[in-house]
Amino acid sequence: MTPPRKKTPEELRSHRWYGVKDLRAFGHRSRTAQMGFHRDDYAGKPVIAIINTWSDINSCHTHFKQRVEEVKRGIWQAGGFPVEMPAMSLAEPFQKPTTMLFRNLLAMETEELLRSYPADGCVLMGGCDKTTPALIMGAVSMDLPTIFMPAGPMLRGDYKGGFLGSGSDTWKYWAELRAGNIGEQDWRDVEDGIARSPGHCMTMGTASTMTSAAEVLGLTLPGAASIPAPDSRHAQMASLTGRRIVDMVWEDLKPSDILTAKSFDNAVTAVLALGGSTNAIVHLIAMARRAGIALDLARFDALARETPVLANLRPSGKYLMEDFFYAGGLRALLTRLPGLLDLGQTTVSGRTLGENIEGAQVFDDDVIRTRENALLQSGGLAVLTGNLAPQGAVIKPAAMEQRLRKHTGPAVVFKDYADMAARIDSPDLAVTADSVIVLQSAGPQGAPGMPEWGQLPIPQKLLKEGVRDMVRISDARMSGTSYGACVLHVTPESHVGGPLALVRDGDLVTLDVDARRIDMQVDDAELARRRIAWQAPPEKFSRGYGVLYLKHVGQADTGCDFDFLEPESKTASSGEPEIH
């Protein structure tokens with residue numbers, strides 16, 4: 001194998017700030033001295049930007065104050081100059097109306113931080129759901145040497161001698177509370193025990209789905225995504241990440257050298273084998289488009305038809321990420337997908353994906369199943385089309401009651417979230433276990449921001465009858481920790497006049513997962529009459545970032561990115577800044 005080319009110090013991007021002999025470079029050097037650094041600390045060395053999404057309001061990243069110091073240690077050890085750059089922290093549990101509204105803002109911030117400062121390479125520190133795709137989207141657009149450092153999952157929750165999984169058990173016990181099967185003290189005990197360490201959700205929710213996808217794409221060190229946040233091996237990984245990025249700068253190993261159509265196929269396949277979050281579809285499409293790669297819903301569905309679900313992890317299965325790590329982690333799972341992965345793809349380690357997983361072993365065959373004993377032989381995710389979703393919708397068959405795979409029932413329609421919240425538990429609501437609950441105005445523009453409202457609540461009177469799943473349809477997303485027969489990401493969304501906006505109470509709606517269909521049994525003439533009568537809702541924002549968002553955000557099937565941030569819309573003025 002030909003050894004990677006080594007840059008010279010004069011070829012470093014930061015040389016334009018620090019190395020030239022002019023007045024501006026004098027200012028850069030003198031202000032760096034003001035921060036307490038000697039010229040020997042940075043002269044001729046790669047400047048590494050550490051994009052850190054730590055915040056007091058982000059519980060998933062509370063350990064990042066310490067981890068950033070470990071990243072810096074690795075950078076210093078390898079002969080680099082670390083520069084921490086805080087970026088917007090998208091805290092899934094706290095930010096309203098949804099972190100998805102701000103994913104593209106963090107992507108823009110990441111790109112512009114890297115463009116406007118003397119960065120030769122970057123370490124991306126993220127993990128809480130939208131931070132992973134946002135950071136990667138921005139870094140891919142800038143295309144400097146980049147390595148991602150995942151936050152890692154938190155430890156298992158604890159409740160009465162059993163394990164709790166974030167999100168999944170929240171919905172489970174909330175339903176039991178509403179049904180009257182547990183009391184307020186039980187609910188408080190769940191609250192106190194479900195999140196007991198730093199780190200992101202320890203179910204196979206969006207966080208672990210996306211950090212795992214980042215690893216399979218080749219953007220992390222081998223095994224990085226599976227290590228629990230409090231484990232000392234996570235601190236070691238942070239330091240090794242800092243060391244590796246310095247070598248990557250000298251080698252000029254960039255995202256464009258790593259990300260290919262085949263590496264995205266690998267990531268999609270891994271997400272499916274993990275029983276991963278439906279949110280991965282929106283994020284991976286957006287990330288691929290930033291890299292100039294055409295990834296669409298049809299490709300997800302094609303790969304889902306041949307990929308088994310091997311990870312027995314909540315919400316689809318039984319275990320949690322801590323168990324997954326002890327069972328061998330992501331590297332071990334990938335060894336059980338022979339023939340489904342292109343193992344020759346390059347990674348940030350400088351080795352191929354195949355070389356990264358050599359020697360990995362599975363230590364618990366119930367946590368990481370064999371193909372013969374898979375949770376599902378295929379269909380971890382399914383892409384639906386039909387007259388309700390001409391451009392596609394998504395469902396997670398592994399996390400629903402299988403009796404509902406083919407179901408027809410009358411629609412119970414809520415015009416928006418407030419309408420649903422006001423009426424869902426009314427004793428007078430005309431709903432049965434066979435009904436299909438429909439939520440409108442919950443998409444990218446309608447909500448706005450496509451919140452995780454898609455696991456629509458089951459009406460209280462049905463919960464008391466023992467109903468725990470029913471068909472629910474929306475243009476929203478749902479948490480990767482959620483479960484149920486929830487049809488999501490209906491596109492086009494109702495807010496822009498998609499067919500979902502035309503559904504009325506009592507319309508018969510048919511879900512057929514095996515046929516990949518979602519349809520309302522309403523004739524074309526009636527739909528045409530309803531379309532003529534439909535009126536566009538008023539805009540949600542009158543100022544600020546929200547106006548920019550509504551004007552430029554795409555639909556779910558194209559990744560909900562901004563139209564002006566995709567590669568084909570780049571202009572001559574969007575490149576490197578002039579240095580004066």
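Contact is defined here as heavy atoms within 4.5 Å. The structure is a predicted model, in which local features need pLDDT of at least 70 and side-chain atom pairs count only at pLDDT 80 or more, whereas totals for chains, interfaces and linings use all residues. Residues are numbered from 1 along each chain as its sequence is written, and side-chain values use heavy atoms, with hydrogens and water left out.

The confidence of the predictor in each residue is expressed as pLDDT, on a scale from 0 to 100. For the chain, the mean pLDDT is 95, and 97% of the residues reach 70 or more. Residues 569-574 have pLDDT below 50, and this stretch has four contacts in the model beyond near neighbours in sequence.

Ala556 is placed in the segment after helix H21 (545-552); helices are DSSP runs (H or I, at least four residues), numbered from the N terminus. Ala556 counts as buried because its relative accessibility is 5%, where buried means under 20% relative accessible area, exposed over 50% and partly exposed in between (1.4 Å probe, protein chains only). Apart from neighbours within four places in sequence, Ala556 is in contact with Val282, Pro444, Met450, His489 and Thr491. Between Ala556 and Ile147 the C-alpha to C-alpha distance is 27 Å, with 409 residues separating them in sequence.

A nonpolar core is a set of buried Ala, Val, Leu, Ile, Met, Phe, Trp, Tyr and Cys residues joined through side-chain atoms within 4.5 Å. The largest such core holds 87 residues, of which Ile51, Leu114, Val123, Phe264 and Leu284 touch the most other members. Helix H13 (residues 279-290) gives the most to this core, contributing eight residues. Phe264, leaving aside neighbours within four places in sequence, is in contact with Leu217, Leu259, Leu284, Met287, Ala288, Ala291, Ile293 and Leu295. A second, separate core comprises 28 residues, including Met202, Met321, Leu333 and Leu353. In soluble globular proteins, nonpolar side chains tend to be buried together.

The packing of H13 against two other helices was examined next. Axes are lines fitted to C-alpha atoms, for helices over the stretch in contact, and angles run from 0 to 180 degrees between N-to-C directions. Helix H5 (residues 100-116) packs with H13 at an angle of about 30 degrees, the axes being 13 Å apart. H5 is therefore roughly parallel to H13, a class that covers angles under 35 degrees. Met100, Arg103, Ala107 and Glu111 of H5 make the contact with Val282, His283, Ala286 and Arg290 of H13. For helix H6 (residues 131-142), the axis comes within 9 Å of that of H13 and crosses at roughly 10 degrees. H6 is thus also roughly parallel to H13. On the H6 side, Pro133, Ile136, Met137, Gly138, Val140 and Ser141 meet His283, Ala286, Met287 and Arg290 in H13.

Two further residues were considered individually. Thr220 lies in the loop between helix H9 (206-217) and helix H10 (232-251), and is buried, with a relative accessible area of 1%. Excluding neighbours within four places in sequence, the contacts of Thr220 are Ile147, Phe148, Pro150, Ala214, Glu215 and Val348. The C-alpha atoms of Thr220 and Lys406 are separated by 40 Å, at 186 residues apart along the chain. Trp17 is found in helix H1 (residues 15-18) and counts as buried at 7% relative accessibility. A C-alpha separation of 66 Å divides Trp17 from Val431, 414 residues apart along the chain.

Technical notes: Parallel < 35°, antiparallel > 145°, perpendicular 65-115°, else oblique.
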